[in-house]
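Subject: Structure for you to look at

Hello,

Here is the structure we talked about, with its sequence. Please open it and keep it beside this email while you read my notes.

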Amino acid sequence: MDQIDINVVKEPRGFLRVLQFVFAICAFATTTNFGSSFSFIVRCKNETMGTQKITQSIEYPFRFDHIIVEEKACGNNYVFSYFGDYSSDAEFFVAAGVLAMLYSLASLVFYCLCGSSYQNNKTIPLVDFLVTMVIAVFWLSGSAAWASGVSAVKYVSDPSGWIKNLKICMENAECSSLYAGNFAGLNISIIFGFLNFFLWTVNLWFLYKETSWFQQDNASTTGPGGQTPI
């Protein structure tokens with residue numbers, strides 16, 4: 001093991017790893033810690049039975065069709081569920097964030113502790129470059145999928161779009177939406193996702209310059225004595 005060298009953090013590849021670590025945490029944390037709710041009111045046609053407020057929480061991993069609601073309203077017992085399972089989009093996005101966080105931390109530690117091995121071993125920079133490329137693709141696909149998932153979650157969380165189809169609202173009551181969820185946190189998570197894709201893509205250039213591919217290309221364009229052939 002080499003002597004610890006933190007000067008690598010001042011280099012683009014090291015500094016970008018720090019940013020990637022921080023923003024990866026921000027991306028998956030804003031998703032897994034998200035919390036909101038939506039609500040609607042059931043007004044019985046028989047006014048003597050009053051009204052009832054039904055509130056549903058919204059949280060990760062957003063499996064709405066797994067939620068079973070049991071309510072007694074207007075003299076009857078009703079059991080219903082919502083629709084949509086968006087856990088695959090959310091979990092893929094979170095998995096990309098966790099993977100990015102772990103790899104950025106591990107590679108940064110390796111840069112600091114094994115700097116000479118990174119410079120002298122031609123295989124390590126290539127592996128670093130290829131893994132970074134794969135994670136960049138994960139961020140792009142995960143962010144795009146999650147953006148679509150968030151749009152669907154927003155629809156499910158706005159009762160005005162589907163409330164009339166509930167059995168409880170078709171028989172003995174009139175239903176109206178009280179409020180939809182607040183999705184500022186999920187919107188921010190999408191921004192963090194595409195920002196992470198940008199950071200990992202930018203870093204590819206600096207990692208490519210450390211690989212033998214770049215050195216061979218550079219050598220082929222430079223003639224004897226370090227001069228570019230005419």
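The structure holds 19 aromatic pairs. Rings of Phe, Tyr and Trp (its six-membered ring) count as a pair if their centres lie within 6.5 Å, and planes under 30 degrees apart are stacked, over 60 edge-to-face, and the rest tilted. This is a predicted model, in which local features need pLDDT of at least 70 and side-chain atom pairs count only at pLDDT 80 or more, while totals for chains, interfaces and linings use all residues. Residues are numbered from 1 along each chain as its sequence is written, and side-chain values use heavy atoms, with hydrogens and water left out.

Tyr82 and Trp162 make an edge-to-face pair, 5.6 Å centre to centre with 70° between the planes. This pair links distant parts of the chain, 80 residues apart: Tyr82 is in the loop between β4 (76–81) and α2 (87–113), and Trp162 is in the loop between α4 and α5. Helices (H or I, at least four residues) and strands (E, at least two) are DSSP runs, numbered from the N terminus. Both Tyr82 and Trp162 are buried; buried means under 20% relative accessible area, exposed over 50%, and partly exposed in between (1.4 Å probe, protein chains only).

The rings of Phe93 and Trp139 have centres 5.8 Å apart and planes at 75°, so this pair is edge-to-face. Phe93 in helix α2 and Trp139 in helix α4 are 46 residues apart, and their pair links distant parts of the chain. Phe93 and Trp139 are buried. Ring pairs also join Phe93 and Trp139 into a cluster with Phe34, Tyr60, Phe62, Trp146 and Phe183.

Next, the nonpolar cores. A nonpolar core is a set of buried Ala, Val, Leu, Ile, Met, Phe, Trp, Tyr and Cys residues joined through side-chain atoms within 4.5 Å. The largest has 44 residues, of which Phe40, Val42, Phe62, Phe64 and Tyr82 touch the most other members. Helix α4 (residues 123–156) gives the most to this core, with seven residues. Contact here means heavy atoms within 4.5 Å. A second, separate core of nine residues includes Val8, Tyr111, Cys112 and Leu207.

Arg13 lies over the face of Tyr111, at 4.6 Å from the ring centre. A charge sits over a ring if NZ of Lys or CZ of Arg is within 6 Å of the ring centre and within 35 degrees of the ring normal.

Is Ser157 buried or exposed? Ser157 has 0% relative accessibility, so it counts as buried. Ser157 is found in the loop between α4 and α5 (167–170). Leaving aside neighbours within four places in sequence, Ser157 is in contact with Phe38, Ile58, Phe64, Ala180, Gly181 and Phe183.

Last, the cysteines. A search of the whole structure finds one disulfide, meaning a pair of cysteine sulfur atoms within 2.5 Å. This disulfide joins Cys169 to Cys175, with 1.9 Å from S to S. The torsion about the S-S bond of Cys169 and Cys175 is about -95°, so the disulfide is left-handed. Cys169 and Cys175 are buried. Cys112 is in no disulfide, and the nearest cysteine sulfur, that of Cys114, is 9.9 Å away. Cys112 is buried, with a relative accessible area of 13%. Cys114 is in no disulfide either, and Cys114 is buried at a relative accessible area of 16%.

Regards
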